Amino acid sequence: MTGPGDIRAASGAPTEAVLGRDGLDALVQVLKRQGRTVVGPTVRDRAVVLAELDSADELPHGWGVELEAGRYRVRRRTDGAVFAHSAGPQSWKSFLHPPRVRQWTAERDADGGLTVREDEPPGVSYAFLGVRACDLHAIRILDRVMIGGKYPDPAYGSRRKGVFLVAAECTEPGATCFCVSMGTGPAVDTGYDLALTEVVDDGGHRFLCRSGSEEGAAVLAELPRHQADEVTRTAAAEAVRRAAGNMGRSMPPTDLRALMRDNLEADRWDDVTARCLNCGNCTMVCPTCFCTTTEDVSDLTGDHAERWRRWDSCYDLDFTLLHGGPVRASERSRYRQWLTHKIGTWHDQFGSTGCVGCGRCIVWCPTGIDLTEEAHALHQEATRQRPTP
Amino acid sequence: MTLVPLPHRLMSRHRETADTVTFELEPLSGGLGPFAPGQYAMLYAFGIGEIPVSVCRTAGGGRLTHTVRAVGAVSRKLCDLPTGASVGVRGPFGTGWNLRAARGHDLLVVAGGIGLAPLRPLIDSVLAEPAAYGRLNVLVGARTPGDLLYRTELPAWRRPFGAVTVDRPAGGWTGRVGVVTALLDEALFTPENTTAFICGPEVMMRATARELVHRGLPAGRVQLSLERNMRCATGHCGHCQLGPLLLCRDGPVVLYDRTEPLLTVREL
């Protein structure tokens, strides 16, 4: 399988090559042969969703998406591109930090004694295919939250450990994308095993493939491939560069953390509250929103109990419930909590922003609330109030 | 044991007030800890759920004492448990009182209602080593005389200064009536050389902290124990946020200089 002139890693495996359609097919099969569950984008229910793949045939060949605030449509493309769609309704969070996880079970014996058994982590080994730069950053952010602190979460850690990451650089951002202003894309920098950049031009439909790890290079060595050529390299770089210039949205050019911290009583919070349904969709589709609650259940005998963890949302009135009532009783305070946490206090808690600029919260908001628009409005309100020096 | 509760047996229970019970737990094997004063455990009532409860006394063999007020499904169940019942415990979690920073200082311990519970192990520690500190002041507020906790221990905390006040007198109460901050006038402390430890309803803590700073205490020497909803205690569930703080991890004990701006924003 060695191509002449391969650039090689220390192990002797290639670090860069050009794949055709057959290379993509082989990639899925090689990863499956390694015992991995391959998850990637596929068209289902008129959306590009993330699902377990049996073959590369299931990828969204020739599908694109049209995105706007509160609007998502798939559309046919004429160029047969596989990765020319931006973020769908799901994110990799669904696999690394599933919506429901049983944490432990407990039995009560006849004399009232208690036995608690921790659930074994699943033995799943994932390969994620087609991870955008923004979502690669989202995974890193989740890593810091779930396994980067004093108490690493075993359920997340076991799923995350050994994930094989095939990134796909973004060449066609959606109208709701703003990764450039969050510094998270569209190019992928580090933290992948293989990175693909799709090129469709007179030279054909192909993928520039780079390895970012020894494991990635080893997989690349098993794929049918061509030596990376300058024309493909240039075309790939140009496609990503063009994507950077095609962002549909941007954040205001200011310190967002300070903007959130210093404007907790801005009038704009009332304005957005008039539009916000407090439905929590933005928290469900966000690739980094990690909040959960616990559910304790018991069976009819009353002697068997289970602890489940499920996704929760800061928009839920119960989220801050104390015995005197909820701390954040008003809808205004709950939208404010979401946004100020996402792009403000996340820095204090976990050392980075919680937003990667994927735009999912804008697309899937039933009333089309756009956090970039809200940030711009808060920035303008703050600027108006600040006397010019 | 941070994720899975360790079974403990309820060794003894004592009804403090109409709705509040103090019980002692002993691990069936091994044990958690050590718990520092101000830290908390997650207490699990079988099949019902789990709540954060500060430790109110520790003893050898991993024994833990907790005071619980029945206000919700889990706390009601815990308060009703008979001797011998099983309780799941996780911990220790959170920041404790920083008593080391208070060595050589006059101490102000200000409690409101059930807020006295997390302060009791702090008082224990001070009384075990009185020479290390200046004057100990214990200021206790309760809604009514019937709501006073640890009644048999209160007399021992009277010197150098200790006092109790209630919001609503009843049953022949001849003691003080009014807010706990009113006791500050009689307390024995030199503001610039004093550390304060406060736990109670948030409105009481805000008022007390503000008053202490007004009297010359550095805000960084005012320690508060805050309360928020906590589901996991390990920094993963997001429920206990107060602005930049995850109170399960960065609290419950926090310094007033950092939290003053957060406590003045409604519904933060």
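**The core and its surroundings**

Reply: Of the 389 residues of chain A, 47% count as buried. Keep in mind that this is a predicted model.

Start with the core. The largest nonpolar core has 191 residues. Four of them touch the most other members: A:V166, A:A167, B:V109 and B:L139. Helix α3 of chain A, residues 133–147, gives the most to this core. That helix supplies nine residues.

Now zoom in on B:L139. Set aside its neighbours within four places in sequence.

Next, step back to chain A. Its secondary structure comes to 13 helices and 16 strands. Take its contacts with a separation of 6 or more: residues 24 or more positions apart account for 72% of them. The C-alpha atoms fill a box of roughly 70 × 70 × 40 Å along the principal axes. A compact globule with 389 residues would have a radius of gyration near 21 Å, so the 23 Å of chain A agrees.

Last, look at where the chains meet. Here 34 residues of chain B are in contact with 40 residues of chain A. On the chain B side, β4 (49–54) and β7 (86–93) each supply at least two residues. By class, that side has 14 nonpolar, 15 polar and five charged residues.

Terms used
Residues are numbered from 1 along each chain as its sequence is written. Chains are lettered from A and ligands numbered from 1 in the order in which they are written. This is a predicted model: local features need pLDDT of at least 70, side-chain atom pairs count only at pLDDT 80 or more; totals for chains, interfaces and linings use all residues. Two residues are in contact if their C-beta atoms, placed from the backbone, lie within 7 Å. Helices (H or I, at least four residues) and strands (E, at least two) are DSSP runs, numbered from the N terminus. Ala, Val, Leu, Ile, Met, Phe, Trp, Tyr, Cys and Pro count as nonpolar, Asp, Glu, Lys and Arg as charged, and the others, Gly among them, as polar. A nonpolar core is a set of buried Ala, Val, Leu, Ile, Met, Phe, Trp, Tyr and Cys residues joined through C-beta atoms within 7 Å. A residue is buried if 20 or more other C-beta atoms lie within 10 Å of its own, exposed if 12 or fewer, and partly exposed in between; C-beta atoms are placed from the backbone. The radius of gyration is taken over C-alpha atoms; the globule rule is 2.2 Å times the number of residues to the power 0.38.
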